[in-house]
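Good morning, and thank you for making time for this item. Please take a moment with the sequence and the structure on the screen before I go through them.

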Amino acid sequence: MKQIDEEQELIKAAKKGDINAFNKLIKNYTQMIYSFSFKVCRNEEKAKSTLQDTLINVYKSLKTFDGKSKFSTWLYKVVTNNCLMLRRSEKTGRFISVDDIQIDSDSDHFISSAVDISSKETLNTELKEKLDEAIKKLPLKYRLVFILRDVEGLSIEETKNILNLSVPVIKSRLHRARNFLRNELKEYYEAS
Amino acid sequence: MKLAKICKQTLDALCKSDDLYNLSDIPENLKNHISICKQCSSYRNSLIDTIDLYKNYDITLDRNTQKKLLCNACNKLREDK
């Protein structure tokens, strides 16, 4: 409770232009912003650059934070917008479309799942590359839903507010994203 | 191989589920089906594994870089004031 009160005070002060208060406030969230940016763009340098831009944009748009949502949820919205802006500015990515992926294609859906994944497992480089490769093929609009819902564990309501999408659209994108990634990783499952 | 209708419904429900671990939002008939259909159960497990792989793949920003980036941002904000 004390922590929330303290955060409210820092937000209030930062809104008035107190940069030291802003520094104190945002310090606790830099890792979250960096980690989320990395999960979206899969590149450490881009994630650092997004973090830097986000810090500045958070300060500039703090006035628009009305306290109706959690501060962290609002932050996700700002970082998401920065990731989208970065993506637009690059204009180089060529993603394959998952729009045509059918859930009922054939028995490919039924692969064995014998991977033992404990929370302590250290992912090896090869697997990391495979995970990066798979998620990079996923168009950003699907990727964002997957990361917010499944990886970051945000609720459907929070995801809806961050992405300004309806619940059915979120569910549909999550459906395609999960299925796509699972199929991309099937060789890994089969080899295990 | 053509999928049975109930398998198609199950795959669809699993991909949209908010609770792949407990299946609390999956209709009872599909839940029963998952418990007896090896393929659907395997599909569910591979979805969970996929999500877990991405959850476990995180990255940490070292303290110095964190400090530096925050410092740069604050200095830029002061300059802009």
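This is a predicted model: local features need pLDDT of at least 70, side-chain atom pairs count only at pLDDT 80 or more; totals for chains, interfaces and linings use all residues.

How many residues has α3(B), and what distance does it reach from its first C-alpha to its last? The helix has 19 residues and reaches 26 Å between those two atoms. That is close to the 27 Å expected at 1.5 Å a residue.

Among the buried residues of α3(B) are Cys40(B), Tyr43(B), Arg44(B), Asp49(B) and Tyr54(B). Ser46(B), Leu47(B), Thr50(B), Ile51(B) and Leu53(B) are buried in that helix as well.

This brings me to the contact between the chains. On one side there are 36 residues of chain B, and they are in contact with 44 residues of chain A. On the chain B side, at least two residues each are supplied by α1 (5–16), α3 (38–56) and α4 (63–80). The largest share of that side is 14 residues, and it comes from α3(B). By residue type, the chain B side divides into 17 nonpolar, nine polar and ten charged residues. For the complex, the predictor gives an ipTM of 0.87 and a pTM of 0.84.

I turn now to chain A. Its secondary structure comes to ten helices and zero strands. Of its 192 residues, 33% count as buried. Among the contacts in chain A with a separation of 6 or more, 71% are between residues 24 or more positions apart.

Chain A is divided into two domains, domain 1 covering 2–90 and domain 2 covering 107–191. Where these domains meet, eleven residues of domain 1 of chain A are in contact with 15 residues of domain 2 of chain A. The helices α3 (30–41) and α5 (71–90) of chain A each supply at least two residues of the domain 1 side. The largest share of that side, six residues, comes from α5(A). The domain 1 side divides into four nonpolar, three polar and four charged residues.

Next, the interior. In soluble globular proteins, nonpolar side chains tend to be buried together. In this model, the largest nonpolar core has 59 residues, and Val145(A) and Ala177(A) touch the most other members. Helix α7 of chain A, residues 140–151, gives the largest share of this core, seven residues. Why does this core lie between domain 1 and domain 2 of chain A? It lies between them because both domains give residues to it.

Setting aside neighbours within four places in sequence, Val145(A) is in contact with Thr159(A), Leu163(A), Ile170(A), Arg173(A), Leu174(A) and Ala177(A).

Two further residues of chain A may be set side by side. The first topic is Ala134(A), which lies in helix α6, residues 125–137, of chain A. Is Ala134(A) buried or exposed? Ala134(A) has 20 other C-beta atoms within 10 Å, and 20 or more is the cut-off for a buried residue, so Ala134(A) counts as buried. Not counting residues up to four places away in sequence, Ala134(A) touches Leu181(A), Glu184(A) and Leu185(A). Ala134(A) and Phe180(A) are 46 residues apart in sequence, yet their C-alpha atoms are 8.5 Å apart in space.

The other residue is Glu7(A), placed in helix α1, residues 2–15, of chain A. Glu7(A) has 16 C-beta neighbours inside 10 Å and therefore counts as partly exposed. Leaving aside neighbours within four places in sequence, Glu7(A) is in contact with Leu25(A) and Phe71(A).

Finally, a word on confidence. Chain A averages a pLDDT of 83, and 80% of its residues score at least 70. Within chain A, confidence is highest in α7(A), at 95, and lowest in helix α10, residues 186–191, at a mean of 72. Over residues 93–120 of chain A the pLDDT is below 50, although this stretch has 50 contacts in the model beyond near neighbours in sequence.

For chain B the mean pLDDT is 91, and 99% of the residues reach 70 or more. Confidence in chain B is lowest in α4(B), at a mean of 90, and highest in helix α2, residues 28–36, at 95. Thank you for your attention.

Notes:
Residues are numbered from 1 along each chain as its sequence is written. Chains are lettered from A and ligands numbered from 1 in the order in which they are written. Two residues are in contact if their C-beta atoms, placed from the backbone, lie within 7 Å. Helices (H or I, at least four residues) and strands (E, at least two) are DSSP runs, numbered from the N terminus. Ala, Val, Leu, Ile, Met, Phe, Trp, Tyr, Cys and Pro count as nonpolar, Asp, Glu, Lys and Arg as charged, and the others, Gly among them, as polar. Domain bounds come from an automatic or database domain assignment. A nonpolar core is a set of buried Ala, Val, Leu, Ile, Met, Phe, Trp, Tyr and Cys residues joined through C-beta atoms within 7 Å. A residue is buried if 20 or more other C-beta atoms lie within 10 Å of its own, exposed if 12 or fewer, and partly exposed in between; C-beta atoms are placed from the backbone. The expected span of a helix is 1.5 Å times one less than its number of residues. pLDDT is the predictor's confidence in each residue, from 0 to 100.
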